Amino acid sequence: MLVNDKPLLSIVTHSPATTIGVTLVTLHLLNAIFAPLLIPYGSTQLAGMPLIAPGHPDFLLGTDVIGRDFLSRLMMGGRTSITVAMIGVMGAVIIGTFFAVSAAHFGGYYDDVVMRIVDTKLSIPGILFVALFVVGFGRSVTVLTIVVGLSYFPGAVRTIRAQALTQVPLAYVKAARLRGESALSVIIRELTPNVIEVVVVEFAIRTSSAILIVSALSFLGLGISPPTADWGLMVSEGVNQIYEAPWLILLPAVFISTLVVGLNFASDGIANALGLDAARGLGGH
Amino acid sequence: MGKFKNPDRRDVLIGAGSTMVAASLAGSLPMSSALAATPKKGGKLTYAILTRNSKHKSLKNAKHPYSGLHIRTKNVYNTLTWVDQGIDAQPEVATKWEAVEADQTVWEVDIREGIKFHDGRDLTVEDVISSYDFHRSKKGTSFAKKMLAKVEKAGPNKARFFMKSPNSEFAWWAAEYRQVIMPAADVATIGYDGVGSGPFKFAKIDPKRSVTYEANENYWGEGPYLDTLETVFQPSMGSAMNGYRSKQFDMVLSIDPAMVPQFEKMADTVVDVAKAGSQMMAILPKYEGSPFMDKRIRQALTLAIDRQKIIDIVYGGKAAWIPNDTHMADFNADFLARDVVRDVNKAKQLLAEAGHAGGITLPTLYYSSYYPEIDRVFQVMSESVKDAGITMPIELKQKSGYRKWRVEDKKKTRKHRFAMGPVGPRNPGANLFRMARPTYNESGYWHPNARGDEYIALYKKAMATGDTLKRREIYHEMQRILQDEVPSLFIIGRRTIDVFRSDVQGWKAHSQGWSGKFDKVWRS
């Protein structure tokens with residue numbers, strides 16, 4: 001399979017870091033998909049005594065503060081965060097792409113209005129915006145997904161617009177206009193395919209950040225509600241037991257960081273392999 | 001005419017020196033040690049609290065007893081009576097109280113002589129009357145507004161209280177933490193100067209965060225022994241724990257039971273468990289279409305909860321108690337324990353009879369962070385009811401604005417959502433009163449209901465009955481009605497746990513957090 005005229009395998013093995021990143025992300029995604037079939041106990045089931053240490057024959061990674069199997073909760077704990085982050089960021093990137101490319105294409109007042117809205121949103125601290133939104137509209141998965149989308153929309157618009165601006169003066173765009181293609185057709189059929197690599201990388205890198213935000217919200221008690229298994233929530237539930245049962249914090253932290261590091265390695269590596277560093281403002285490896 | 005003296009140990013306790021006797025009866029090791037040793041004057045004690053009064057917003061109102069940093073008004077103020085660790089009423093500003101009408105509607109109270117306010121003024125009957133005029137005013141406390149008709153002077157040191165309805169447990173009513181005695185002033189200004197007659201005076205206030213008190217050298221009672229007392233609010237158990245470890249605090253009140261093992265491992269630390277504490281209750285909204293309109297579903301739900309499991313998992317098997325679906329605490333001598341604590345088969349049968357043989361999914365039960373362990377309580381409860389085929393989603397709401405929010409949807413839910421509320425432990429009359437008020441949030445809104453009418457009639461009868469044993473029979477009948485009707489769900493009762501350094505003497509964890517007093521606390 002070719003991407004940008006390069007074999008997919010050569011892209012994902014572009015560097016050791018890329019390979020590690022892609023492997024970590026793949027493992028996490030496979031775990032998130034198949035966890036319900038693999039977990040030894042229900043993720044909310046009161047399976048044993050509280051705070052059993054890891055290494056127990058019945059509970060490989062021990063139990064949490066109310067006696068739930070910690071391995072089962074860890075395996076299930078990424079599903080909600082990953083789903084919320086991916087759907088939210090996907091929405092942000094898809095809608096952001098349309099606004100970014102159209103702003104680059106039309107320029108003028110339309111571009112100014114879009115970019116001033118983006119600037120306004122970017123001036124509000126991210127975690128504050130998310131926290132206020134959740135407090136105002138509730139902490140359901142739908143609300144979290146929407147707020148993640150709104151949070152990452154402006155950043156996506158800015159980056160994708162920068163790439164689109166490099167395409168607008170090119171001859172193929174002018175040719176399309178001269179052929180009489182409509183503005184919508186130029187945006188969707190001509191410009192968008194030529195910014196798609198940036199969009200993909202943008203999606204990957206924003207997803208890793210979104211996973212951290214969702215976990216942070218859960219840790220602060222503003223995200224996913226108990227008893228749902230969620231890594232951020234699990235850290236929060238275990239924080240008072242840091243002296244007695246440090247695994248309650250360390251293990252979910254390891255899961256969060258391996259996914260985020262994996263996403264960052266993978267997205268950086270792929271961007272580097274596709275030669276998109278300049279568009280993303282990165283210096284490359 | 002029924003003088004308020006029950007034929008039990010209260011008779012012995014009311015009178016001079018009775019607070020010390022009560023402390024001995026409470027019988028804890030720290031208190032016993034304190035009595036055995038000679039109290040030493042001086043030093044400072046800093047204690048952390050995990051909940052605060054949301055009204056403590058600015059210096060303008062921070063000294064008022066209704067808006068102090070927390071409900072421990074006893075640091076600065078006195079009430080007519082005090083409820084001790086055994087939940088017996090003890091004299092404070094009042095030295096004696098007596099019902100002068102057989103129906104318990106009129107009470108005469110002797111006011112202690114020699115009490116001085118912090119500004120040097122003598123505390124008089126006029127101050128008592130003025131304070132209660134405020135408490136029963138529009139801005140006053142719920143208890144006083146609902147129960148007190150008027151107060152008048154009945155002698156140089158005697159006040160006469162006219163209750164709106166009989167109240168055979170006047171002495172406990174008079175101990176309510178906000179019903180403090182303040183220097184006489186008009187209703188609009190009384191209390192804002194922070195002048196009380198308690199063992200400590202306000203010294204420094206950092207709104208929402210901390211209050212420092214200094215000793216009242218002219219205190220009328222024993223103590224205070226500490227020179228300085230400081231209260232610091234901590235937003236989480238973790239920060240309170242770290243503050244204790246780093247010696248920022250000498251004491252943490254009402255800790256998370258899950259932290260007990262950690263505190264027990266610390267050197268020079270005492271973990272003290274009170275006889276009881278607050279309950280967690282849930283209103284079962286009753287409106288057309290609500291599953292809780294069906295009594296069988298209410299009964300099934302309470303039978304399905306594995307309360308013993310909550311105690312074992314969340315409270316280490318000891319620091320909690322099983323409620324009986326009334327506001328009564330298990331330390332009340334009139335508490336009527338449940339016949340059956342849990343019966344999953346019966347719960348299933350009731351659900352089947354109600355047309356839910358395959359199980360039922362209830363609306364989301366909301367709760368807020370009133371207690372540090374509350375998340376775990378609700379998770380264990382939600383999981384345990386699954387055994388009976390009940391799916392009960394739960395959701396934690398932010399504490400800010402929660403109280404208003406849970407009673408907001410008046411039209412649809414008859415004033416209340418399916419949501420948790422905290423219930424403080426009080427005397428039987430106050431406990432059972434809550435279900436006798438059809439419009440009260442915590443009544444469960446079970447009216448109109450024939451058994452509700454029967455319950456209210458029994459409550460009125462009990463309040464007019466001076467004899468303790470006769471009252472107990474009535475109280476038991478009232479509890480049987482509530483256990484059958486289940487107007488509200490009482491999930492678990494907690495036992496308050498305080499931790500403090502072993503050189504802190506004279507402190508004993510109190511079931512009523514607001515009634516703990518620092519006047520006799522000292523550092524060895």
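Is the crossing of α3(A) and α9(A) left-handed or right-handed? It's right-handed, where a crossing counts as left-handed if the near helix is turned anticlockwise from the far one by less than a right angle, and right-handed if clockwise. Before going further, keep in mind that this is a predicted model: local features need pLDDT of at least 70, side-chain atom pairs count only at pLDDT 80 or more, and totals for chains, interfaces and linings use all residues. Residues are numbered from 1 along each chain as its sequence is written, while chains are lettered from A and ligands numbered from 1 in the order in which they are written.

Let's stay with that helix pair. Two packed helices are described by the angle between their axes and the distance between the axes. Here, helix α3 (residues 70–106) and helix α9 (residues 196–219), both of chain A, have axes that come within 8 Å and cross at roughly 140°. The axes are lines fitted to C-alpha atoms, for helices over the stretch in contact, and angles run from 0 to 180 degrees between N-to-C directions. α3(A) and α9(A) are therefore oblique to each other (under 35 degrees is roughly parallel, over 145 roughly antiparallel, 65 to 115 roughly perpendicular, and the rest oblique).

Now zoom out to chain A. You'll find twelve helices and two strands in it; these are DSSP runs, numbered from the N terminus (helices are H or I with at least four residues, strands E with at least two). The C-alpha trace of chain A spans about 75 × 45 × 30 Å along its principal axes.

Chain A also touches chain B, with 16 residues from chain A and 20 residues from chain B taking part (two residues are in contact if their C-beta atoms, placed from the backbone, lie within 7 Å).

Over in chain B, look for an open sheet of four strands, in the order β14-β20-β13-β19, with antiparallel pairing (two strands pair if DSSP finds at least two bridges between them). At the edges stand β14 (320–321) and β19 (420–423) of chain B, each with a single partner strand, so one side of each has no neighbour in the sheet. Strand β13 (residues 279–283) of chain B is joined to β19(B) by four bridges, and the two run antiparallel.
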